[in-house]
Amino acid sequence: NGGGKGGRGALIVLEGLDRSGKSSQCARLLSFLEGKGCATEGWRFPDRDTSVGKMISAYLSNESQLDDRTIHLLFSANRWEKRSLMESKLLGGTTLIVDRYSYSGVAFSAAKGLDIGWCKAPEVGLLAPDLVIYLDVQPEKAAERGGYGGERYERVEFQKRVAEHYYSLRDSTWKVVDGSLPMETVEEQLRELAMNCISECQDKQLTNLPW
Ligand code: Z5A
Ligand code: MG
């Protein structure tokens, strides 16, 4: 673990709009922390490898159609099926760098028009992150980046609504980082945020999302 004192690992989540750089930064942060000798794993949601994840993946690539509430609950179930493993990893001293989490779940479904309270309800009881890093990029800027447009939700107007809902979810665990800066600059900022978080939460108890 971070300080070598046998404390728990940190739950660090990266959030942001499509193409804000989450996956790139998760990979960079993971290799930095591994290089420091921290026990670290990279996770992502949706986890497309589980049976629920396969249903989500088919939906996202427009191979299947699902009712808005049904897909919302599947995204949530996909986090619930990983909750106990997540808890045991953290208690065992492993830091988790997680690419998207419950905030994506709520922001995307609320952007479709579902009630925000209804969207939050199935997330209650999942583990609360120690740190949420929000990579802030204008939707128009993000759309200019590679690979945009292939999947469901990858439209600028929709992404703008998602951004508004993300904004309403910000709490004391959030740090907003300007994701339009060069990758290396963003990476530097994330390293510092993550290192501080890891050392600060070693003796803190794990809590659940308060929603
Ligand atoms: N979703 C949901 O509805 N409910 C839920 O509960 C959850 C998710 C968990 C799939 O997610 C969809 O599921 C997503 C939300 C919804 N739909 N949308 N929209 P996903 O995580 O699988 O999506 P993805 O395919 O990995 O794309 P992404 O996450 O949106 O991209 P990213 O990870 O943020 O960006 P990236 O892949 O690191 O970078 C994108 C490109 O930009 C790439 O060419 C980079 O080289 C470039 N890039 C990155 N950073 C920079 C900087 N700083 N400067 C310039 N260029 C950069
Ligand atoms: Mg990604």
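Helices are taken here as DSSP runs of H or I of at least four residues, numbered from the N terminus. On that basis, K22 of this predicted model belongs to helix α1, which covers residues 22-35.

When residues up to four places away in sequence are set aside, K22 touches L14, E15, G16, L17, D99, R100 and L135. Between K22 and A58 there are 36 residues in sequence and a C-alpha to C-alpha separation of 22 Å.

**Helix α2**

A58 is one of the buried residues of helix α2 (residues 51-60), along with V52, G53, I56, Y59 and L60. The buried residues of α2 pack against α3, which spans 68-80. Just after α2, N62 adopts a positive phi of about 65 degrees.

**S102 and helix α5**

S102 is part of helix α5, which runs over residues 102-111. With a relative accessibility of 0%, S102 is counted as buried, because that value falls under the 20% limit. The side chains of S102 and E123 are joined by a polar contact of 2.7 Å. Apart from neighbours within four places in sequence, S102 is in contact with E15, R79, E123, L126, L209 and W211.

| Residue | Relative accessibility | Polar contact partner | Distance |
|---|---|---|---|
| S102 | 0% | E123 | 2.7 Å |

**Packing of α5 on α8**

Helix α5 also meets helix α8 (residues 156-169): their axes come within 8 Å and cross at roughly 130 degrees. The crossing of the two helices, α5 and α8, is right-handed. On the α5 side, the contact is made by Y103, S104, V106, A107, F108, A110 and A111, and on the α8 side by F158, Q159, R161, V162, H165, Y166 and L169. Sorted by class, the contact of α5 with α8 comprises ten nonpolar, three polar and one charged residues.

Technical notes. Residues numbered from 1 in each chain as written. Chains lettered and ligands numbered in written order. Predicted model: local features only at pLDDT ≥ 70, side-chain atom pairs only at ≥ 80, totals over all residues. Heavy atoms only, no water. Buried < 20%, exposed > 50% of the residue type's maximum accessible area, 1.4 Å probe, protein only. Polar contact = N/O pair within 3.5 Å; in protein donor to acceptor, adjacent residues only side chain to side chain. Contact = heavy atoms within 4.5 Å. Axes fitted to C-alpha atoms, helices over the stretch in contact; angles between N-to-C directions. Left-handed = near helix turned anticlockwise from the far one by under 90°. Nonpolar A, V, L, I, M, F, W, Y, C, P; charged D, E, K, R; others polar.
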